[in-house]
Structures are given as structure tokens and as C-alpha cells.
Amino acid sequence: MKSVKYRLDISDISAHLVSVNLSFKPVDAIHELVLPAWIPGSYMIRDFARNIVAISATDSNGPLTLQQMDKQRWQLHCNSCTVTVTYQLYAYDLSVRAAYIDDEVAVLNPASLCLSVSALQQLPHKVHINKPVSRVTKNWRLATGLNRATDTDFLGFGEYQANSYQSLIDSPILAGHFQLAEFSIDDIKHYLVVTGDNLTDLSRFSGDVEKICRQQVTTFGSLPADLTSYWFLLWVTEDGYGGLEHLNSTLLLCSRFDLPAPGQADIDDNYQNLLALCSHEYFHTWWVKRLKPACFAQYQLAAEQYTPQLWLYEGFTSYYDDLALVRTGLIDGKSYIKTLEKTISRVTRNPSDTQQSLTDSSFTAWTKFYKQDENAVNAVVSYYAKGALLALCLDAWLRRHGACLDQIVRQLWQQYLASGTPDKALQLVLQQLGFAELATLTDNWLTQAISLPLVSLLPALGLQLTLRPMQHGDDFGGEATTEAPAFIGAQTKVVNGLVQLTQVYHGGSAHQAGLMSGDQLLALDGRKISATSLPQLLKRSQSGSSLTLHFYRKDRLLQSQLTLNTALQQVAVLTVAEQALCDAWLQQV
């Protein structure tokens with residue numbers, strides 16, 4: 001059978017270079033070779049082709065004409081014999097989206113490395129990964145969700161296969177020093193790969209991840225019918241966090257101190273965040289990797305591909321990721337409610353909550369959500385966080401009427417798996433199931449830049465929500481402290497020893513005083529401002545008082561009057577009002 005073949009060589013670890021040989025039998029006189037501009041699941045143009053440092057093409061007759069047409073596309077003039085395209089890429093992107101090489105690990109996303117060949121994308125694609133020849137790579141192994149060739153050992157370097165180009169670029173490759181654990185769910189092997197030597201309790205981590213996976217299977221009723229194995233590829237660094245979903249795997253990035261220490265009995269915040277990340281990406285096995293917006297049936301990877309549905313796929317996933325932890329008993333209800341407070345506060349404390357709708361946030365993710373600046377708190381809603389709160393509102397409304405969100409999720413999964421979801425799939429399913437009123441409400445919550453009715457809906461889950469003024473930049477909820485200083489309505493950081501404004505909230509005290517992002521604060525009522533003195537100075541000032549503020553704006557010394565008004569930004573305080581209702585919700589009763 002005809003196929004497109006790649007050979008990947010980690011040619012220079014110190015220089016972070018990957019050499020690629022691409023070979024294929026032409027079917028046209030001219031083929032286009034294209035490297036994606038973005039990777040599915042991460043909605044931002046990344047221009048992977050910028051990392052190509054050299055490229056050429058030959059066949060048995062000699063060099064071929066290879067003309068670059070734009071930033072990521074080449075035109076290749078072919079004869080009738082097999083073509084070999086040789087190119088080299090720079091691989092030093094410390095993220096889950098591209099490629100990275102050092103002496104401990106190689107992270108290889110084919111989307112950032114493998115050129116597609118026009119007219120041949122539906123053929124089988126084979127990748128031969130050669131083991132680097134170096135003292136530091138002697139004990140390297142390789143893990144990937146790609147299918148192994150019959151002569152390639154388990155976790156070995158060699159040949160791997162995909163049934164199409166789309167499948168190839170949906171299969172990250174992780175090579176290096178790692179530990180491996182495994183478990184099975186419904187006879188499907190799940191592998192947990194953890195890079196490095198991390199002094200962690202791998203058995204405990206694997207057992208916790210297995211519990212989460214089983215809970216997500218319960219949500220949908222079964223594993224996807226086409227799933228034959230699943231790989232958690234965990235890249236452990238000094239300081240990192242992130243994940244990206246793939247068809248039968250996920251590539252995750254975390255700090256080594258997110259992992260559970262040997263003998264650690266509790267689940268601290270860092271470990272909870274890591275488990276939630278695993279939960280989030282595994283939920284995507286159903287929810288975006290198989291069920292997806294109809295427009296994503298075929299990804300168009302040369303330019304932005306727009307959809308107003310990201311709130312459904314990332315928001316619902318964000319709702320179920322932490323929920324799975326409490327439903328499995330990994331965390332208790334109190335810890336979950338504290339986490340939920342933070343999610344609510346991330347939305348309600350920003351003026352953007354009433355400036356951008358969820359559908360608009362989804363549609364403009366390419367240029368707004370993924371390219372946030374100092375004004376994002378005023379203009380950009382997170383379709384992750386607010387999408388999760390929409391799911392929470394739906395669950396509360398449905399439970400008040402004898403149903404639950406799990407039923408809606410399963411109906412969407414069953415009804416639209418083959419076709420993909422149209423833009424109003426959720427509203428249509430709600431109407432079909434007899435929830436016409438909720439369908440109308442949902443449409444308004446999605447398309448209007450309005451706050452969600454959490455206060456009125458959460459009692460159906462046994463919770464009472466109150467909102468109070470934000471007290472400081474890291475205030476994400478909980479009961480107010482008695483000695484809290486006034487909040488100036490801006491986020492700050494220390495730059496060259498000076499307190500600098502990084503974000504100014506519309507309507508807050510700093511905004512009303514005419515302050516701007518980038519201003520450096522010097523003195524308040526004649527007293528020097530530092531990171532430690534500012535909260536103390538504010539604490540000693542009465543609400544409503546007007547204080548003289550001196551500050552630098554670029555190279556100018558300026559003065560303004562700062563009036564300490566109550567913060568307009570609101571954060572969440574959640575209490576359990578009816579324990580039985582809360583328990584029923586959290587335990588799926």
C-alpha cells in the first residue's frame with residue numbers, strides 16, 4: 001500500500017535540532033507541502049514553519065525545484081519517481097504545542113514537524129524515529145499513542161504508523177528518561193508516563209488517575225468505541241503547567257512539585273491542580289476529540305478556524321474536571337466548594353463579565369483570549385471559567401426540575417457524534433427533552449454579555465452564594481478578613497524595586513484617579529510605597545478618603561488624588577445551606 005513516510009532524527013541535542021526526511025511517490029506534477037499554522041485544541045496561530053532552518057528536495061534524478069509560496073507552504077515540482085524532502089527544524093518550545101529537545105527529554109508534536117503532502121493526506125503515514133546516538137540518551141525510551149510497526153519494541157525507537165495525516169498530527173511523541181505505570185478500564189490499556197526522576201509516589205498517582213478515568217467513563221456510559229489504548233504523557237519540569245488533548249493521548253506539562261511525595265497522605269493544592277488537569281484532558285477524549293463542532297470535522301490548519309462553541313467544549317470540560325475529583329472521593333465537598341469559589345470569582349471580579357458574551361469569547365479566542373493584554377480583565381471573558389459556570393447553572397436548574405446535566409451531556413454525545421454539533425445544539429437538545437424554558441434562558445446567557453444568575457440558582461444544589469468586594473489582587477473568595485486593606489482597583493507587580501500597575505479595573509479607584517497600566521507608584525500621602533507598605537498604608541486609611549498619590553508615568557513625575565471607594569469587583573463566598581441537596585449533587589444521587 002502506498003504511504004507517506006517520515007524519518008525523524010534528533011540530530012543535535014545542544015542546538016535543539018530535528019532533521020526530517022519526508023518521502024512519497026508523487027501522483028501529480030506539482031505537490032504542495034504545508035506545515036500547520038496551529039495545532040487542534042489550541043486556538044492561536046503559532047506559525048510552526050518559522051522553525052524550519054533549511055529545506056531541499058531530490059529524487060533519483062537529482063535536485064528538484066522547491067519554491068516557497070508563503071510562510072508555511074512550498075510548491076514542489078515532481079517527476080514520476082519517489083521524492084525525498086529533507087529539512088531541519090529548531091525545537092526548543094517549552095510547551096505542549098510544539099517541539100522541544102534537551103539532554104533529558106524530546107517532546108515531538110508531529111503538527112509542528114511533519115509537512116503535509118497535497119492529495120496524499122488520506123494515505124497511511126509512517127514515522128521512523130531514530131534513537132539519538134549520545135551518552136546522555138543511552139537509556140532513552142519512547143512513548144506515543146501512534147501504532148507500533150510489528151518490528152518495533154514496546155517503548156522502543158523505530159517505526160510508528162497513522163492511518164492519515166490528521167491522525168499523525170494528533171499523536172504527540174515523548175522520548176527520554178521516564179517512569180511508566182499502567183491500568184486497564186474495560187480491557188483498554190491506559191499508560192501513565194512521567195518524565196525524569198521526581199521522588200514521587202507513582203503508584204498512588206496512577207491509582208488516583210485511574211479513579212478519575214473511571215468516573216469520566218461513568219459520565220458518558222462507556223469508553224469511545226474506537227479507543228484501543230490511552231496515553232498520559234506527563235512532561236515534568238522545574239516550573240510549568242498545561243495540557244493538550246489528542247485522540248488517544250494527552251501531553252501534559254507540570255512542575256515536579258505538583259506530583260505527590262512518597263508518604264504524602266493528603267491532596268494539596270498543587271496535586272489537586274495536577275489531578276484536575278488529567279481529568280480535564282481525559283474528558284476531552286469524548287468531548288472535542290470525537291464529539292466536536294461540525295465545522296471541525298476537517299481541521300483547516302493553514303489559518304484560523306472559527307466557532308462560537310468553545311464555551312461548550314472547554315467550559316463543560318472545566319466543570320466536570322474538578323467535579324470528578326469530589327465524585328471519586330479524592331477530595332471532599334469542602335475542598336471542592338473552595339475550588340468552585342475560585343472559579344466563580346475569576347469571572348465575577350472582572351468587568352469583562354458584562355462586556356463580552358460567551359459566544360463572542362469563543363469566536364474571538366484567536367485574537368483575544370489567547371492574546372491577552374493589560375486590558376483583558378475589562379474586555380475578555382474566559383470561555384473556560386464562565387463556560388464552567390454556565391454548566392453549573394444548567395445543572396442547578398435541571399436538578400430543580402428532576403433532571404441533571406449528565407443526561408444532557410450523554411444526549412449531545414449520542415445525537416451529534418456522527419455529524420458534529422451545530423451552533424445551537426445545546427438549545428435544541430434542551431427543547432427536545434422538554435426544557436424549552438431553559439433553552440431560551442441558555443440562549444440569553446450565551447449570546448448576551450450578562451452575569452449568570454448564580455445567586456438564584458445555586459440553592460437548588462444546596463449552596464448559598466454571596467458576593468463581597470474584592471480586598472486585594474489575590475482575593476478569590478472566602479469570608480472577608482477583619483483587617484483587610486482597601487483595594488485600589490488594580491493589579492501590581494514589583495519592577496526594579498517600584499510597585500507598577502499591570503492591570504487597571506474599569507470603575508475602580510485607580511481608574512477614577514486617572515491611573516494607567518505601567519504607572520509606577522512612589523508615595524501615598526507623602527509616604528513611600530513598596531510591595532509591603534502599600535497594603536499597610538491602605539489599611540490605615542478610611543474608606544472614602546482622598547489621598548495624594550505620586551507616581552511615574554514613563555519618565556514623568558505625576559500627582560493624582562486617589563479616593564478609596566469600596567471595590568466594584570466582586571468575589572464569591574459559598575456556604576452549604578442544605579447538606580442533603582449538596583451531597584446529592586456532588587455524588588450524582
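Helices (H or I, at least four residues) and strands (E, at least two) are DSSP runs here, numbered from the N terminus. The model is a predicted one, so local features need pLDDT of at least 70 and side-chain atom pairs count only at pLDDT 80 or more, while totals for chains, interfaces and linings use all residues. Residues are numbered from 1 along each chain as its sequence is written, and side-chain values use heavy atoms, with hydrogens and water left out.

**Stop one: serine 19**

Select serine 19, in strand S2 (residues 17-24). Is serine 19 buried or exposed? Its relative accessibility is 18%, so it counts as buried; the cut-offs are under 20% relative accessible area for buried, over 50% for exposed, and partly exposed in between (1.4 Å probe, protein chains only). Show side chains and you'll find serine 19 joined to serine 11 by a polar contact of 3.0 Å. (A polar contact is a pair of N or O atoms within 3.5 Å; within protein, one must be able to donate a hydrogen and the other to accept it, and residues adjacent in sequence count only if both atoms are side-chain atoms.) Skipping neighbours within four places in sequence, the contacts of serine 19 (heavy atoms within 4.5 Å) include Arg7, Asp9 and Tyr87.

**Stop two: salt bridges**

Hop to arginine 7, whose side chain meets that of aspartate 9 in a salt bridge (2.9 Å, N to O). The term means a side-chain nitrogen of Lys or Arg within 4 Å of a carboxyl oxygen of Asp or Glu, and the structure holds 15 of these salt bridges. Arginine 7 counts as partly exposed because its relative accessibility is 36%.

An α-helix has 3.6 residues a turn, so residues three or four places apart point the same way. Arginine 214 and glutamate 210 form a salt bridge, with the closest N and O atoms 3.0 Å apart. Both ends are partly exposed: arginine 214 has a relative accessible area of 38%, and glutamate 210 has 21%.

Now try aspartate 226 and arginine 290, whose side chains meet in a salt bridge of 2.8 Å, N to O. This pair links distant parts of the chain, 64 residues apart: aspartate 226 is in the loop between H3 and strand S19 (229-237), arginine 290 in the loop between H4 and H5. Aspartate 226 is partly exposed at 47%, whereas arginine 290 is buried at 11%.

**Stop three: two helices**

Select H4, residues 269-283. What caps its N-terminal end? Aspartate 268 does, with a side-chain oxygen 3.3 Å from the backbone nitrogen of asparagine 270. H4 is mostly covered, with twelve of its 15 residues buried; among them are Tyr271, Leu274, Cys278 and Phe283.

Move on to H5, residues 310-327. Its end C-alpha atoms are 25 Å apart, which agrees with the 26 Å its 18 residues should span at 1.5 Å a residue; the expected span is 1.5 Å times one less than the number of residues. In H5, 18 of its 18 residues are buried. Just after H5, check glycine 329, which takes a positive phi of about 85 degrees.

**Last stop: tyrosine 92**

Finish at tyrosine 92, in the loop between strand S8 (83-90) and strand S9 (99-101). At 42% relative accessibility, tyrosine 92 counts as partly exposed.
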